[in-house]
Amino acid sequence: MSQFHRLIYIDRMIHEFGVVTKKQVADEFQVTIWTVKGDFRYMKYEVDAPIAYSRQKKGYYYTSPDFNLFNFGHEKMFLFFVLLKQLASNRNFMPFDTSKFIEAIKNDVDPEYLKLSDRVSFELSEFEYPDMAVFETVIKAMQQRNVLKLDYIDAKGKVSKRSVEPLHIFNYQGKWTLLAHCRLREAMRMFNLSRMKSVVSDTSRKFDRNRHSKTEIGNFLSESFGIARGKEKETAVIRFYEPTTHHILDQKWHPEQKTDFITEKGNNIVQFTLPVAKYEELVGRVLRFSPDAEIISPPAMRQMWLDKLKAARKKYK
């Protein structure tokens, strides 16, 4: 057992019984008293825990009863372990062997919580499976600064040949995407890995990693993905009606989102107000909650939403 487990035990014992002794910790983890003394010194001087020794109680206690060393740290570590383990089972998100890493994390999880690992799960509703050979080629080219030669299929199914400099690879809503400097367009562009018909790393052609700064790449990514992607932002107002109100209450679609609770004609309404730049993604999300969700503004986005509803009704009536 690691020091992490001993600290969890010390913190829990103090909160449950008001005091913990060096002998209790040493016996629980089969370590020496000197090791346990080191744990208490670590808590006091490295973590600034309000821990002190009481001759009367013959053990250590917190001088501030409200102090929580981990702030539910063991639960958070457990949830992190479950999340990582489940991600690793999906080759779309962890396209490499993670067994050793998961085992290392597992060693820092409270054994009592590990017993629950099969009772906690999550599921991602959308994802694409990338070709692992493509993924490996892109990553190696990025590391070795090799130009990539692509046969790329665009959204309309047209194939074009591109020479690109791989800058950043990321997963957004289950889709692996490469941000690269396109030598054809002489600008940064997005390339979905699943649309790469062929990809070759040209070892004879290198590129300069400093062509685009980290700040420039970060700004491009923030403007290219998410509800508020883009420079020209508007304010979107969306209303959700019963029974969807009960499912949407705690959802956060954007960090700047404002959630209001409205009662109108005896009906309970949840209203989201948040920034938007490109309408498509937000309209798609609202359509998932039809017929109990309504886009109020901006007018152009409301019209796009209405057009989608009309087209669906015409097609499937």
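## Basis and overview

This model is predicted, with local features requiring pLDDT of at least 70 and side-chain atom pairs counting only at pLDDT 80 or more, while totals for chains, interfaces and linings use all residues. Residues are numbered from 1 along each chain as its sequence is written, and side-chain values use heavy atoms, with hydrogens and water left out.

The chain holds 11 helices and 11 strands; these are DSSP runs numbered from the N terminus, helices being H or I of at least four residues and strands E of at least two. Of its 317 residues, 39% are buried, where buried means under 20% relative accessible area, exposed over 50% and partly exposed in between, for a 1.4 Å probe and protein chains only. Among contacts (heavy atoms within 4.5 Å) with a separation of 6 or more, 60% join residues 24 or more positions apart.

Helix α1 (residues 3-17) packs against helix α2 (residues 22-29) at about 135 degrees, the axes being 11 Å apart. Axes are lines fitted to C-alpha atoms, for helices over the stretch in contact, and angles run from 0 to 180 degrees between N-to-C directions. The angle therefore makes α1 oblique to α2; under 35 degrees counts as roughly parallel, over 145 as roughly antiparallel, 65 to 115 as roughly perpendicular and the rest as oblique. On the α1 side the contact involves H5, R6, Y9, I10 and M13, and on the α2 side Q24, V25, E28 and F29. These residues comprise five nonpolar, two polar and two charged; Ala, Val, Leu, Ile, Met, Phe, Trp, Tyr, Cys and Pro count as nonpolar, Asp, Glu, Lys and Arg as charged, and the others, Gly among them, as polar.

Helix α1 also meets helix α3 (residues 33-46): their axes come within 11 Å and cross at roughly 75 degrees. The two helices are therefore roughly perpendicular to each other. Here Q3, R6, L7 and I10 of α1 touch T35, D39, F40, Y42 and M43 of α3.

## The five-stranded sheet

Five strands form an open sheet in the order β6-β5-β4-β3-β7, paired antiparallel. Two strands pair if DSSP finds at least two bridges between them. At the edges stand β6 (187-192) and β7 (196-206), each with a single partner strand, so one side of each has no neighbour in the sheet. From one strand to the next the twist averages 45 degrees.

The C-alpha atoms of K175 and N192 are separated by 7.3 Å, although the residues are 17 apart along the chain.

A second open sheet has four strands in the order β9-β10-β8-β11, with antiparallel pairing. Strand β9 is joined by seven bridges to β10 (residues 267-276), where I269 stands opposite I262.

Across β8 (234-241), β10 and β11 lies helix α11 (residues 299-316), which runs at about 150 degrees to β11.
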